[in-house]
Structure formats: C-alpha cells, structure tokens
Amino acid sequence: MNRQSFPRLAALCAALAASALMSACAPLLLGGAMVGTSLVVVDRRTSGTQVEDQTIELKSLTRIRETIGDRGHVNATSYSRMVLLTGEVPSEGDKAAIEQNIARIENVRSIVNELAVMGSTSLTGRSNDTILTSKVKASYVDAKDLQANAIKVVTERGTVYLLGRVTEREADRAAEIARGVSGVQKVVRVFEVITEAELADLQPKQTK
C-alpha cells in the first residue's frame, strides 16, 4: 500500500466506525457531529424509523428461512420501511412467496424485489460484492460534495443498489460516483428523494 492510500483508508475506517456507533447509540449521535473530527454522523431517518428498520430486517430473515429454508441466498435490507430483496432463489414461485410473506410484516410500506431466479452465487462472488461495497463507500468518503453516511450501499452480483433519503442532486452524484468504481456492473437507485428544503431541515444546527 502506498502512502497516498493511507488518508483514504483512514477516512473509510472513520466512516465505518461512525456507522457502528450510530447502530449502537443512535439516539445520542443522531444528527450530530462527532467531537474532535470533521466527520458528521448522518442518518436522515428518525431514531424510531431506524429501530423499525432493524426489526423489519430481523423479521424478514425469519420469514425467508420459513419460506425457502436453505434453498437459495436472499438478503433483505430495510430503509425507511422499504425492503430491498436481493440474492438468488430457485423459482419464480419462491420469489413471489418471499415477497408476499415479507409484505405482511408490520410497518413494511413497500418492497423492491430484485431477487434473481438462478443458482446461488459462490462465496468468492459474495466476497467480491463485499469488496465492491467497500470501494463505493470509500469513494463517497473521498467525495467532498456528499455525506457518505447518508447513503446505504448493497451489492449483489456486481450490481450496486443505493438507498437513503437524498435530494435529486445527491442521487445523481452518488450514482455517478458508484458507476465509476472499477468492477461495478450496474447501479440501481432505490432512493427516497427529498427536496433541498427538506435536506436543510435535516442538517445539524450550528451552535455559536
């Protein structure tokens, strides 16, 4: 690793650490800045919605196991109570059954079903997807015109899915950056688009 890589790696580690802190202490850090750094901890969902999303994901995993057992590889990601389904299932019937069962979970408002009817990917393929996710997140940290922690990245078979509450400007920029990452085959925007005025209301208030 050359010396120029260290600042980028350090920034990525800081972002991941901030994300971990957010998961554990959302009510304490929500909408605030981490003391001693310039990195703003951003999750544009309310703390209540964050808890709902975590609960939906846990219940979704249970429904998936009940529906197909170990026949397939399915991930469920909830953001603002919208569930993104990614992975592989053996049949169209399994794909439809999983969506129907998850739709019955309390507080789920919509489902984006991106399941592919095919054999499950290999561990190598999934590892490559994990690496791509990390590379996209690192690119967001490098960018000076995006709040990296406001965008959730999910990668499946080289396709990058982007979630979050963002403006149209941010959505375009995030998609542009992701498309420029080596190895990314396709970018799918699953954003909840908000106005610039709504974004301004979500920003941490500066204290004098």
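In helix α4, the residues Asp94, Ile98 and Ile102 are buried, where buried means under 20% relative accessible area, exposed means over 50% and partly exposed lies in between, as judged with a 1.4 Å probe and protein chains only. Seen down the axis of α4, these buried residues fall within an arc of 60°, so they line one face of the helix; the arc is that of the directions from the helix axis to the C-beta atoms. This is a predicted model, in which local features need pLDDT of at least 70 and side-chain atom pairs count only at pLDDT 80 or more, while totals for chains, interfaces and linings use all residues. Residues are numbered from 1 along each chain as its sequence is written, and side-chain values use heavy atoms, with hydrogens and water left out.

**The chain as a whole**

- The chain has 7 helices and 9 strands, which are DSSP runs numbered from the N terminus, with helices (H or I) of at least four residues and strands (E) of at least two.
- Of the 208 residues in the chain, 40% are buried.
- Among contacts in the chain with a separation of 6 or more, 66% are between residues 24 or more positions apart, a contact being heavy atoms within 4.5 Å.
- The chain exposes about 11,300 Å², and carbon and sulfur atoms supply 53% of that area, which comes from the Shrake-Rupley method with a 1.4 Å probe.

**Helices α4 and α3**

- Helix α4 covers residues 92-103, and its 12 residues reach 17 Å from the first C-alpha to the last, close to the 16 Å expected at 1.5 Å a residue; the expected span is 1.5 Å times one less than the number of residues.
- The buried residues of α4 pack against helix α3 and against the strands β1 (73-79), β2 (82-89) and β3 (110-113).
- Helix α3 (residues 47-68) has 22 residues, which should span 32 Å at 1.5 Å a residue, and its end C-alpha atoms are 32 Å apart, which agrees.
- The buried residues of α3 are Thr49, Gln50, Asp53, Ile56, Ser60, Ile64, Thr67 and Ile68, and they cover an arc of only 115° around the axis, which puts them on the same side of α3.
- The face of α3 turned away from this buried side carries the exposed residues Leu58, Arg65 and Glu66.
- An α-helix has 3.6 residues a turn, so residues three or four places apart point the same way.
- After α3 comes Gly69, whose phi is positive, near 60°.

**The nonpolar cores**

- The largest nonpolar core has 21 residues, of which Val136, Tyr140, Ile151 and Leu162 touch the most other members; such a core is a set of buried Ala, Val, Leu, Ile, Met, Phe, Trp, Tyr and Cys residues joined through side-chain atoms within 4.5 Å.
- Helix α5 (123-142), strand β6 (159-163) and helix α6 (168-179) each supply at least two residues of this core, and α6 gives the most, with 5 residues.
- Leaving aside neighbours within four places in sequence, Leu162 is in contact with several residues, including Tyr140, Ile151, Ala174, Ala178, Val188 and Phe191.
- A second, separate core of 13 residues includes Ile68, Val74, Ile102 and Leu115.
- In soluble globular proteins, nonpolar side chains tend to be buried together.

**Residues in loops**

- Thr167 has its place in the loop between β7 (165-166) and α6, and this residue is buried, with a relative accessible area of 1%.
- The side chain of Thr167 makes a polar contact with the side chain of Glu196 at 3.5 Å; a polar contact is a pair of N or O atoms within 3.5 Å, and within protein one must be able to donate a hydrogen and the other to accept it, while residues adjacent in sequence count only if both atoms are side-chain atoms.
- Not counting residues up to four places away in sequence, Thr167 touches Val193, Ile194, Thr195, Glu196 and Leu199.
- Asn107, in the loop between α4 and β3, has a phi near 80°, a positive value in a residue other than glycine, and counts as partly exposed at 36% relative accessibility.
- Arg157, in the loop between β5 and β6, has a phi near 55°, again a positive value in a residue other than glycine, and counts as partly exposed at 31% relative accessibility.
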